[in-house]
Amino acid sequence: MNPGHGAAGRRPRRLRMAKFLAFTAGAAVLAAAPAAGAHAAARPALTCSAYNLPVRIADPGPADQTLWGQLCYRGDREPGTVQLLVHGATYNHLYWNFPYGNGYYSYAGAATAAGYATFDIDRIGAGNSSHPPSAGLDLAAGAVALHDAVTALRSGAVDGHAFRHVIAVGHSIGSVEIWLEAARYHDVDAVIVTGALHALSPDIGALQSDLYPAADDPAFAGSGLDPGYLTTLPGTRESLFYDLATANPAVAAIDEASKGVTTPAELAGAASILSEPPAQQPSYQITVPVLSVVGEDDNLFCTGVTAYNCASQQSVRGFESQYYSPAAHLRLVVIPGTGHDLALSTTAPLTDAIMVGWSVSVVGPDAP
């Protein structure tokens, strides 16, 4: 399968990538194990169904919002473990199952191939979910909605099947929202955070300056979104979220065409959380295993950061470990030559292998 090419004349760091491949070979084997000996075409058929869940954005509070999600699994029997997929700011559920490359850019596809179910949601305020007034839509509100989604998955309210285990998988602000949810409710069995470390790049102002009211963007014409909903200025996403060496121009173009929104309250909340001392961070309150994955060239969390060096996995892990308790058994992986959008970079299969392999080692698809 050809995922396309990055910018002409620019190549990933070959030596570092080769070492990385050797280091992560075990995880790749784990990820492939459920399908060993079978051609991809022989995998069980994919079953997907969309659901609209009534959820709250305050606790206590009424379940007067709607959270949209798509449940997918392979075969005719739902597994015991579901992965709840939570996208980042200015994205929607397509981040985890991108409509290009015949599955190359689909973490949902990799996870279901390994035997998991996935519940790929639009966060409150995004995509097919409710769009409450932007002023009140912060990360705490989103965390309450996530908790209601976890409860629905465990109770059988989704598809009539009660999942025994839930792995929460986040990206960027979606990862921060999962930190809050897992810290407050302790209702998931494992956590995967991607594109989220505990220090922001000094260049974060570039992202802020590239946001403007979604109502002013042709992509959201007639949407009825209030002026507080923000999206990225046209033509800025590739430079913000990708390393050009591992960016496929076709993916970046579709990313632009399918972009989503965020709110000032979400962005301010993330910055506030990251400014707290380590032991006061929500991530420190998580008591289940945690995997953290970041791209070496992440413009939001690596570029210009002096607290750690993203070219050194040991350096990043040394810094991040102070923000998690020993109960989290933190595993941290840096993907070489990759920007913020790990799932949409040409290195996506490497990231998928790490995430799925770790998942299998912690909570298998049919764990008792």
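User: Why is Trp-96 called buried?

Analyst: Its relative accessible area is 1%. Buried means under 20%, exposed means over 50%, and partly exposed is anything in between (1.4 Å probe, protein chains only). With 1%, Trp-96 therefore counts as buried. Before we go on: this is a predicted model, where local features need pLDDT of at least 70 and side-chain atom pairs count only at pLDDT 80 or more, while totals for chains, interfaces and linings use all residues. Residues are numbered from 1 along each chain as its sequence is written, and side-chain values use heavy atoms, with hydrogens and water left out.

User: How do you know that the charged end of Arg-237 sits over the ring of Tyr-91?

Analyst: The rule asks for NZ of Lys or CZ of Arg within 6 Å of the ring centre and within 35 degrees of the ring normal. The charged end of Arg-237 is 4.4 Å from the centre of the Tyr-91 ring, and it sits over that ring.

User: What joins the side chains of Ser-172 and His-340?

Analyst: A polar contact of 2.9 Å. That term means a pair of N or O atoms within 3.5 Å; within protein, one must be able to donate a hydrogen and the other to accept it, and residues adjacent in sequence count only if both atoms are side-chain atoms. Ser-172 lies in the loop between strand E5 (165–171) and helix H5 (173–185). Helices (H or I, at least four residues) and strands (E, at least two) are DSSP runs, numbered from the N terminus.

User: Why does Ser-172 count as buried?

Analyst: Its relative accessible area is 10%, so it falls in the buried class. Beyond its neighbours within four places in sequence, Ser-172 is in contact (heavy atoms within 4.5 Å) with residues including Gly-88, Thr-194 and Leu-300.

User: And why is Thr-194 called buried?

Analyst: With a relative accessible area of 2%, Thr-194 counts as buried. Thr-194 has its place in strand E6. Its side chain has a polar contact of 3.0 Å with that of His-171. Leaving aside neighbours within four places in sequence, Thr-194 is in contact with Trp-96 and Met-355, among others.

User: Why is Asp-216 called exposed?

Analyst: Asp-216 has a relative accessible area of 53%, so it is exposed. Asp-216 sits in the loop between strand E7 (211–213) and strand E8 (230–232).

User: Which class does His-186 fall in: buried, exposed or partly exposed?

Analyst: At 45% relative accessibility, His-186 counts as partly exposed. His-186 lies in the loop between H5 and E6. Its phi is near 50 degrees, a positive value in a residue other than glycine.

User: What makes strand E1 and strand E10 the edge strands of the sheet?

Analyst: The sheet is open, with 8 strands in the order E1-E2-E4-E3-E5-E6-E9-E10 and mixed pairing. Strand E1 (46–55) and strand E10 (331–335) each pair on one side only. Two strands pair if DSSP finds at least two bridges between them.

User: How many bridges are there between strand E2 and strand E4?

Analyst: Strand E2 (residues 65–74) and strand E4 (residues 117–121) have 4 bridges, in the antiparallel sense. Gly-69 stands opposite Ile-121 in E4.
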